[in-house]
Amino acid sequence: MAMAFKMATTGMRVTDECTSSYMEMKWKKIHRYIIFKIEEKSRKVTVDKVGGAGESYHDLAASLPVDDCRYAVFDFDFVTVDNCRKSKIFFIAWSPEASKIRAKILYATSKDGLRRVLEGIHYELQATDPTEMGFDIIQDRAK
């Protein structure tokens with residue numbers, strides 16, 4: 001695998017750690033969520049935090065900064081009305097009101113490149129405050 005994947009529109013690179021952590025979450029179920037951040041000086045998307053398999057969606061929401069943008073993926077496990085266990089992966093673009101305009105623009109223009117690298121995402125949420133990404137919204141989207 002190449003050292004990093006280049007994101008076409010902004011010149012950002014997605015590190016191998018991002019893709020390998022995502023694959024561990026998707027296939028091995030080692031992680032419940034991953035938070036990504038952009039290192040502006042090195043022009044790379046890196047892993048900011050990884051949530052263990054026992055962590056919850058509330059742990060993810062609490063880990064997002066109140067004054068800076070981030071991307072996150074969350075592996076939502078649920079049981080259908082037919083009693084089947086399913087899993088859906090959510091991509092969250094977190095851009096709080098208190099973040100700097102420069103960060104909002106950088107994250108908005110880099111999002112599609114990261115999404116292309118992270119194959120198998122089922123749903124996407126864009127949130128500027130916690131109410132826009134509440135657990136009830138995740139549950140409604142998955143069913």
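**The aromatic ring pairs**

A: Phe135 counts as partly exposed because its relative accessibility is 28%, and the rule behind that label takes under 20% relative accessible area as buried, over 50% as exposed and whatever lies in between as partly exposed, with a 1.4 Å probe and protein chains only. The model is a predicted one, in which local features need pLDDT of at least 70 and side-chain atom pairs count only at pLDDT 80 or more, whereas totals for chains, interfaces and linings use all residues. Residues are numbered from 1 along each chain as its sequence is written, and side-chain values use heavy atoms, with hydrogens and water left out.

A pair of aromatic rings is described by the distance of the centres and the angle of the planes. Here rings of Phe, Tyr and Trp (its six-membered ring) pair if their centres lie within 6.5 Å, and the planes are called stacked when under 30 degrees apart, edge-to-face when over 60 and tilted for the rest. By this rule the count comes to nine aromatic pairs. In one of them, the ring centres of Phe76 and Phe90 are 6.3 Å apart and the planes stand at 75°, so the pair is edge-to-face. Phe76 and Phe90 are both buried.

Phe76 also pairs edge-to-face with Phe135, at 5.6 Å centre to centre and with 80° between the planes. That pair likewise links distant parts of the chain, with Phe76 in strand S5 and Phe135 in helix H4 (residues 135–142), 59 residues apart. The accessibilities of these two partners fall under separate labels: Phe76 counts as buried because its value is 5%, while Phe135, at 28%, counts as partly exposed.

Beyond these two pairs, Tyr57, Phe74, Phe76, Phe78, Phe90, Tyr123 and Phe135 are linked by ring pairs into a cluster.

Definitions and conventions: Helix = DSSP H or I, 4+ residues; strand = E, 2+ residues; numbered from the N terminus.
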